[in-house]
Amino acid sequence: MSGQDWMEKDFYAKLGVDKSADASEIKKAYRKLAKKYHPDRNPGDAAAEATFKEIGEAYAVLSDEGQRKQYDAIRAMAGGG
């Protein structure tokens, strides 16, 4: 994923957590949303599937300490974070 993509996406908002959220809060929010939007629970719902993919992407970045630091730095430079 490029830095440009990260500037346009607010992963914290996507997961519904504060920027100061710790790893357990992020994981809890992800699991709750993943369960709600999982394709098996929403068969044929393209919007739910897209949301599921977006929250997966957000979790992948925010759950990795190194990627989260990069994401925060890029967003801060762009004025988005």
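Modeller: A residue is called buried when its relative accessible area is under 20%, and the model we discuss here is a predicted one.

Biologist: With that cut-off in mind, what percentage of the 81 residues in the protein do buried residues make up?
Modeller: The cut-off for a buried residue is a relative accessible area under 20%. Counted in that way across the 81 residues of the protein, buried residues make up 23%.

Biologist: Is Y71 buried or exposed?
Modeller: Buried means under 20% relative accessible area, whereas exposed means over 50%. The relative accessibility of Y71 is 0%, and therefore Y71 counts as buried.

Biologist: How is the pair formed by the rings of Y12 and Y71 classed?
Modeller: The structure holds 4 aromatic pairs. In the pair of Y12 and Y71, the ring centres are 5.9 Å apart and the planes stand at 50°. Planes under 30 degrees apart would count as stacked and those over 60 as edge-to-face, so the pair of Y12 and Y71 is tilted.

Biologist: How many residues apart in sequence are the parts that the pair of Y12 and Y71 ties together?
Modeller: Y12 lies in helix α2, which covers residues 11-15, while Y71 lies in helix α5, which covers residues 65-78. The pair therefore ties together parts whose separation in sequence is 59 residues.

Biologist: Which helices hold the two residues of the aromatic pair Y30 and Y59?
Modeller: Y30 and Y59 form a stacked pair, with 4.2 Å from centre to centre and 10° between the planes. Because Y30 and Y59 lie in two helices, their pair ties together parts that are 29 residues apart in sequence, and these helices are α3 (residues 23-37) and α4 (residues 46-62).

Biologist: Leaving aside its neighbours within four places in sequence, which residues is L62 in contact with?
Modeller: L62 is among the residues that touch the most other members of the largest nonpolar core, which has 16 residues. Once the neighbours within four places in sequence are left aside, the residues in contact with L62 are F11, Y12, L15, I26, R68 and Y71.

Key
Residues numbered from 1 in each chain as written. Predicted model: local features only at pLDDT ≥ 70, side-chain atom pairs only at ≥ 80, totals over all residues. Heavy atoms only, no water. Phe/Tyr/Trp six-rings, centres within 6.5 Å; stacked < 30°, edge-to-face > 60°. Helix = DSSP H or I, 4+ residues; strand = E, 2+ residues; numbered from the N terminus. Buried < 20%, exposed > 50% of the residue type's maximum accessible area, 1.4 Å probe, protein only. Core = buried A, V, L, I, M, F, W, Y, C linked by side-chain atoms within 4.5 Å. Contact = heavy atoms within 4.5 Å.
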